Structures are given as C-alpha cells and as structure tokens.
Amino acid sequence: SGDGRLFVGPDNGLLVPAAQKLGGVDAAYEGSRVTLKGEYIGQARDAAAGPDDWGWYGLGAMFVIPAVQAVAKYEEFGRPSITTAVRNRAWTAGLNVYPNGRNLRLTFDYVSRKIGGPGVRKGRLLAQVQARF
C-alpha cells in the first residue's frame, strides 16, 4: 500500500513579483518500501526575451533493510535567457540510516554537481543528523 499525489498548475505558494509567471507539475508516491518523487517548474518573465527559466528533479528511494534506505536523485536548473553560468546539474547517491525508529535519521550522501556551461564537475560528501521531537 502507498500514497500518491499529482499536481499540475500555477504555483501560488511562492511570493514573486507580478511580472513573473510560474507554473509547475509534481508527482509523488510513498509506499512502505519505495518512494518516488518528481517536479518540474518553469518561470517566464514579462521583461526578459528568450527562453524561460526551468528546473526539475527526480528522486527514488528504497528501504534495502528496515533501518537503511538507499536514495538517488538527479536535478537540473537553468536560466538560459539570463546566463548559462548558473545552469546547475547534479546527482546525489546516499543512504538514510534509522538506528532507532523514524525519530532519528543519519544521512550520508555523495553529491556530484556541475555549474555553468560547460562547467566543471565537483563532488562532495555530506553527512547529517536529523532528530524529530
């Protein structure tokens, strides 16, 4: 069993100047072992000619054993009418470890990111502790 969600339409939850138009679509499925999420958002500015800003990501996660979840994510963001210097392409591979239930999570991620066009790819290891009270 699991829960799913699909949203399509303008994103009214963001505060943006009136000269910008946002739109997006996202979908999510969260089951007992597998989670899938994705989102696309675009932005058009009345004052800027050229291609719209855009961004998207896809994420998949799966519990390999009850206390360990493997996670993979890919994301891209671009503002081509402004500059290619801010184009961001990144992938993440990691593990979420739950040593004592879901109130404590240890995350271990490797993020590989390329910014700009063509850009240089750089990697980083990240670790984090999250506690829910």
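The notes below cover these topics in turn.

This is a predicted model, in which local features need pLDDT of at least 70 and side-chain atom pairs count only at pLDDT 80 or more, while totals for chains, interfaces and linings use all residues. Residues are numbered from 1 along each chain as its sequence is written, and side-chain values use heavy atoms, with hydrogens and water left out.

**Arg 89.** Arg 89 sits in strand S6. Strands are DSSP runs (E, at least two residues), numbered from the N terminus. Arg 89 is buried but has no salt bridge. Buried means under 20% relative accessible area (1.4 Å probe, protein chains only). A salt bridge needs a side-chain nitrogen of Lys or Arg within 4 Å of a carboxyl oxygen of Asp or Glu. The contacts of Arg 89, leaving aside neighbours within four places in sequence, include Tyr 74, Glu 76, Gly 116 and Gly 117. Contact means heavy atoms within 4.5 Å.

| Pair | Distance |
|---|---|
| Arg 89 side chain to Gly 116 backbone oxygen | 2.3 Å |
| Arg 89 to Glu 76, nearest side chain of opposite charge | 5.4 Å |
| Gly 117 C-alpha to Ala 85 C-alpha | 6.0 Å |

**Gly 117.** Gly 117 lies in the loop between S7 and strand S8. Gly 117 and Ala 85 are 32 residues apart along the chain. Beyond four places in sequence, Gly 117 is in contact with Thr 84 and Arg 89.

**The largest pocket.** S7 supplies the largest share of its lining, 5 residues. Strand S2, S6 and S7 are among the strands that each supply at least two lining residues.

Notes: Helix = DSSP H or I, 4+ residues; strand = E, 2+ residues; numbered from the N terminus. Buried < 20%, exposed > 50% of the residue type's maximum accessible area, 1.4 Å probe, protein only. Lys, Arg positive; Asp, Glu negative; His and termini not counted. Polar contact = N/O pair within 3.5 Å; in protein donor to acceptor, adjacent residues only side chain to side chain.
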